[in-house]
Amino acid sequence: MSNKKLLFIGAVMVFAVLLSASWLGAATLKGYVRDANTGEVLYGASVYVKGTQYGAPTDRTGRYSIPNLPPGEYTVVYSYLGYDEMSKTVDLGSGEAVIENITLEPRLVEMEPVFVVGMRQGQTKALNQQRTAENIKNVVAADLIGRFPDPNSAEALQRIPSLSIQRDQGEGRYVLIRGTEARLNSVMINGERIPSPEGDIRSVALDVIPADVLSSIEVNKAITPDMDADAIGGSINLVTKNAFDFEGPVLKASLGSGYNDIVGDAIYQNSLTYGNRFGEGKKFGLLVNASYYKTNRGSDNNEMSWADTGDIEDIEEDNGIDIPSGANVINELDLRDYVLTRERLGLSANFDYRPDENNSFYIRSLYNRFGDSEHRRRMVVVFDDASSYSNVGNSSGNLTEATFERELKDRYEVQRIYSISGGGRHLFSNMELDYNLSFSHAEEEEPDRRDINFVQEGVDLNYNTSDTDLPKFEVTGGGDPYDPSLYEFDELVLSDNLTTDEDITGEVNFQLPYKFNEIPGKLKLGVKYRGKTKDRENDIRVYDGYAGDLSLADVAGGFEDKDFMGNEYEIGLSPDPNNVKSMVDNNLSDFELNEDDTREESDGESYEASEDVFAGYLMTQVYFGKLMVLPGVRVEMTQLDYTGNEIVFNEDGDYEATNEVQADDDYMNILPMVHFKYELNKRTNLRLAFTNTIARPNYFDLVPYRYVNREDEELERGNSELDPTTAYNIDFMVEHYLPSLGLVSAGVFYKQLNDYIYMRVSDGTGAFDGYEVLQPVNGESATLYGFEVAWQQQLTFLSGFLNGFGVYANYTYTDSEAEFPDREGEKATLPGQAEHVANFALSYEKYGFSGRLAVNYHGKYIEEVGGSPEDDVYYDNHLQLDVSASQRIVPGLYGFVEVLNLTDSPLRYYQGSEDRPIQREFYSYWAHVGLKFEL
């Protein structure tokens, strides 16, 4: 940062201090707002001084502070959605700090004689927090999360307006915000970034984190300068529970089981939460939470590869035939049967110490472990290995000497994320100081993985692709794909892989109120450092020969899926995991190592990296009556140091050498922002934000690796000089909060993205003149825009039975336009941008019963940009129906049932057009049933 910028920031700080000092005779009104019945603090309560521009919301501790009030008598109004408003007269003397601790009475819900803080207490707090926030955000509380049948954090997030998810084996994994791919968003726990356990990408797979360890989820759609800048789509903050969220001791437990239809096996689901405040004055608080989830699941999958124009021309030339234009000629059919066991363990322990109203200290700890044991059995039909084609029509053809493959993948992958942080907050007169130091660790371990493949060649067959979702084949001679003895050993791959990612983060923030010409405001500034070390060590050994005869029959097991894809295909016998393990353990010396492939796979994927991010910001909030203006600027300096490998293959295609390659880079981003919030009335907000944000490149894209193939004159390389993608964002939102604990909102958004990153094929230069080079590069600008509407409300204004109903609905429309240099003159949409995203849930809560029918939908979007529109890979539309219900048995004890994916919605990808599917995966439904206990 230049000296001029430093002098400017220093001058602003001094100016604000002088402004504050000029009002040393002013008074301060502060205190806590609590529930009159339970004593619990009310986060997001509105406190304002009637007839003035002074006011403040309560923070998570229920505390408010209104400084710089001239001496005199005032009427102070306290309001909170779902509670009766309260007014109180206070008399403030010169330089006096007056403490007013207030309790508000919950408003009775008409539908039955219980207080609103019963079934919907948490969501009441979430709506109030959202209403009084200074930026555009969505807040969802634990009790609303628990009413949907969502076992992990990603699936809980799909219910929020403008959010959609990518799934893996039917479970939510990555989150997309407002049509932006997962890389363009950030994920935090208690305000701190989560490191990614995966080696290639920055995105955090949220299937690692159970939903029931959370107190709330916050989605910031327009960030403020005191937030990390890498949030083009937005930032997700997962907030864990602490003991001061409750007035007294809390004990919650759930015990459940379930059933997965496709594998006909059990699911186990348990959680426990205990918290209490203790010591003199209950100044110490401890809350621990544990969650365990185990599911046996599976899927039926078929994947297709289709002949493109070049392939068809080759077939015509080699066989002397003419193929009709637009014919569906298949290259490969891959049938995959998955059987998995997934275990998700979440532990958290939070300790708080609040010696007085001006000081607080905390320690937060979190541990998440996600184990994924997978057996994948494949039968692959390689049509384009055939020696001849004949009678090729629009959707059929005859082939001779095609190839069949049988493969087993046996792997256990475990991801761990854990963190510990400590910090405090202190109020000195009117200045507020907070600080935090944290350590986070993420890792992905894949020990002792085994992949083995067998082949059978020379099989004659014909194919039929009239239904491109279900291509069929019929063997006409030359072999038998269902006879294990006819398959010969082809390849064995043994892997031991480990990726680790560690962050050390420290930050300090100062906040100082001031008043200028009777206009109140707050100045906030801070600094932050995040140091990251990440490395991936892959040990991959490839064996492609065996001393003797080895056929599929020697390791085949008795497992056979008799109902694969609804009996559309016969998949037959595959290698058995136990037999393969025994064969490898006892006969490894008989397998022949392929040194070239081993070095390529192991050396090319391994790397070491370090990143240092230094950040500082300056912002102020100024209040002009009902209008709040928040201008500010954030500066982030990033320093990179990456080490990868160059793998060289000579003119004969043989491995020649591995050379270490190091690269470093640094860059600075200066990011001005401004937010406006206008309170049209007590329940209606108008919000407008202009922000600048970034998204750093994926890790492996920055590694200076090189695959040099001199035989084919091909070069694949990373790019350590990639710039981060930047975005200029405009957001406008209207929110109206309903008396019956609801919200109606509508908003529009626009994003101008620069330096978008994509893979480019280009001609080599210098030492690689004449080579074809594949490398990630920064592209042209892109735009993304859309609107969202949302409605959530308990219909308590209805009479009788009907007033138990509630609605939760939202819809988002998004469009985008991007230019990719390899496709000059052509426009494409951005990866991850679905035109339509929607949720609808109809709930019923009365007589101790809570039930919900929920529909989630996202439209198709580009997953991978190809060299032409015909090569673009699309993630297809997804519509899923889930149902959940619970019934109070006795006070504090509930029974529950949840059924997911009643629509048997598949995962589906296609390439170019919808009639060219390349992957379809079905999961059937799964269900949970059990008991929940609350004290």
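**Strand E12 and its sheet**

Biologist: Which residues point the other way from Asn185, Val187 and Ile189 in E12?

Modeller: In a regular strand, side chains alternate between the two faces of the sheet. Asn185, Val187 and Ile189 of E12 point one way, and all of the residues on both sides are buried, meaning under 20% relative accessible area, with exposed over 50% and partly exposed in between (1.4 Å probe, protein chains only). Strands here are DSSP runs of E, at least two residues, and helices are runs of H or I, at least four, numbered from the N terminus. The residues pointing the other way are Ser186 and Met188.

Biologist: What do these values rest on?

Modeller: Residues are numbered from 1 along each chain as its sequence is written, and side-chain values use heavy atoms, without hydrogens and water. This is a predicted model, in which totals for chains, interfaces and linings use all residues, side-chain atom pairs count only at pLDDT 80 or more, and local features need pLDDT of at least 70.

Biologist: Which strands stand at the edges of the sheet?

Modeller: The open sheet has 5 strands with mixed pairing, in the order E9-E14-E15-E12-E13. Two strands pair if DSSP finds at least two bridges between them. Each edge strand has a single partner, so one side of it is left without a neighbour in the sheet; the two are E9 and E13.

Biologist: In E13, which residue is the bridge partner of Met188?

Modeller: E12 and E13 run antiparallel, with 2 bridges. The partner of Met188 is Arg193.
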